[in-house]
Amino acid sequence: MIIKCGEMTDILSLSREELAEQLVGMGEKKFRAAQVFKWLHRRNAASFDEMTDLSAQLRNRLKEKFCLNNLFIEKRLESDIDNTVKYLYRLPDGNHVESVLMEYSYGNTICVSTQVGCKMGCRFCASTIAGYKRDLAPSEILRQIYTAQADSGRKIAGVVLMGIGEPLDNYDNVVSFLRLLSDPEGFGMSLRHVSVSTCGIVPRIYELAELGLGITLSISLHAPDDESRSAIMPVNDRWGVDELMTACRHYFAKTGRRISFEYALINGHNDSRADAAKLAALLKDFVCHVNIIPVNKIKERDFRSDRASAQRFRKYLEELGINATVRRTLGADIEAACGQLRREAEKSGKTD
Ligand code: SAH
């Protein structure tokens, strides 16, 4: 995707073909583009001077035409119990986003942000409270991964788009990002190891189904009917539970990929046996998985839950034949629900 940074072009957001066009337009041979692409996406070059197999003259021409959009690690919080690392990154324009690197038995997975803030207004979510600023470019989503891998020295094997922002509200950039991430000449990540999480932007779910990318779609359902969902998620007023479930059925029919439903458990709101029965009825005959998350407490709201309630809810679902797990808590000692670091940075006036 062609994105401008002032007079210059954001080189990391360009597809391999777009990069080749740009370099050929500068009078360079096409194979130069393959070299540059590798430096950017495989070798995480933070400057053109690192690209030592290019002539000094070409490196200077690249510097004049392209920007690299490096991220600055403003804060790094490392867990002492489970190797979770939380990054607060500063973007070139002074805004902040967060990523979390987590260790699972099958490898390191990173949770990345897709927007600076979020417009969706979910009542329990800190990302919304700090306000929406702008969308992230494909390069800025990629850089969260490349920078964390280089900084930690840990190979990243999976990506979840569950950080700050609503991925399907930044659809074009997110799709470009996914194509770049999986380019076999670049980082080369299999999209089978990538999850895209959405609060339910229904038309985009249909569009995504057409692309056949092989990603896992994760739906933030959080409530089993319109009344309780609308009370915590304004997006439900636009696309209700039935419309969302129809889109999910279509997505599965089209892609054959099992859908994952996220269910943030909130005491007294969506955690009763009756809620479990409604949820089971909704998901009956559906190839899916339910991920129960005890809601993370955020300062501004009095939503609460705990692991015991989550286990109880999981049992209700199990009795009704629904496959569910309680999400493991990682990085409990650096606990900061999504969006909280950015908000702190914002409060202390570090963001413009
Ligand atoms: N906008 C996307 C992705 C970002 S949020 C979405 O809504 O899916 C990632 C996940 O964290 C979502 O399931 C979201 O609902 C959940 N979440 C946000 N705040 C939370 C909190 N305080 N406790 C538990 N889960 C939360």
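In this predicted model, the ligand is surrounded by 16 residues. The closest include Phe 124, Ser 197 and Ser 220. His 222 and Asn 296 also belong to the closest group. By class, this shell holds 7 nonpolar residues and 7 polar ones.

The side chain of Glu 166 places an N or O atom 2.9 Å from a nitrogen atom of the ligand. At Asn 296, the backbone is involved: one of its polar atoms lies 2.8 Å from a ligand nitrogen. Cys 199 also takes part through its backbone, where an N or O atom is 3.5 Å from an oxygen atom of the ligand. Taken alone, the ligand would expose 530 Å². The protein buries 93% of that area.

His 222 sits in the loop that runs between strand S12 (216–220) and helix H8 (226–232). Its relative accessible area is 6%. His 222 therefore counts as buried, since the cut-off for that class is under 20%.

A positive phi is also found at Asn 44, where the value is near 50°. Asn 44, too, is a residue other than glycine. Its place is in the loop between helix H2 (30–41) and helix H3 (56–65). With a relative accessibility of 22%, Asn 44 is classed as partly exposed.

What is the size of the largest nonpolar core, and which residues have the most contacts inside it? This core has 100 residues. Ile 145, Val 159 and Phe 261 have the most contacts within it. Helix H6 (residues 171–181) gives the largest share, 7 residues.

Helix H7 covers residues 202–211, and Val 202 lies in it. Val 202 is buried, at a relative accessible area of 5%. Ser 228 is 26 residues from Val 202 in sequence. In space, the C-alpha atoms of Val 202 and Ser 228 are 19 Å apart. Ile 205 is also part of helix H7. Its relative accessible area is 0%, and Ile 205 is thus buried. Between Ile 205 and Cys 248 there are 43 residues of separation along the chain. Their C-alpha atoms are 7.5 Å apart.

Two further residues, Glu 185 and Ala 157, are partly exposed. Glu 185 is in the loop between H6 and strand S11 (194–198). The relative accessibility of Glu 185 is 33%. Lys 38 is 147 residues away from Glu 185 along the chain. A distance of 6.6 Å separates the C-alpha atoms of this pair. Ala 157 belongs to strand S10, residues 156–161. The relative accessible area of Ala 157 is 32%. Ala 157 and Ile 110 are 47 residues apart in sequence. Computed from C-alpha to C-alpha in the model, they are 8.3 Å apart in space.

Notes
Residues numbered from 1 in each chain as written. Predicted model: local features only at pLDDT ≥ 70, side-chain atom pairs only at ≥ 80, totals over all residues. Heavy atoms only, no water. Near = heavy atom within 4 Å. Polar contact = N/O pair within 3.5 Å; in protein donor to acceptor, adjacent residues only side chain to side chain. Areas by Shrake-Rupley, 256 points an atom, 1.4 Å probe, with all protein chains shown as cover. Nonpolar A, V, L, I, M, F, W, Y, C, P; charged D, E, K, R; others polar. Core = buried A, V, L, I, M, F, W, Y, C linked by side-chain atoms within 4.5 Å. Buried < 20%, exposed > 50% of the residue type's maximum accessible area, 1.4 Å probe, protein only. Helix = DSSP H or I, 4+ residues; strand = E, 2+ residues; numbered from the N terminus.
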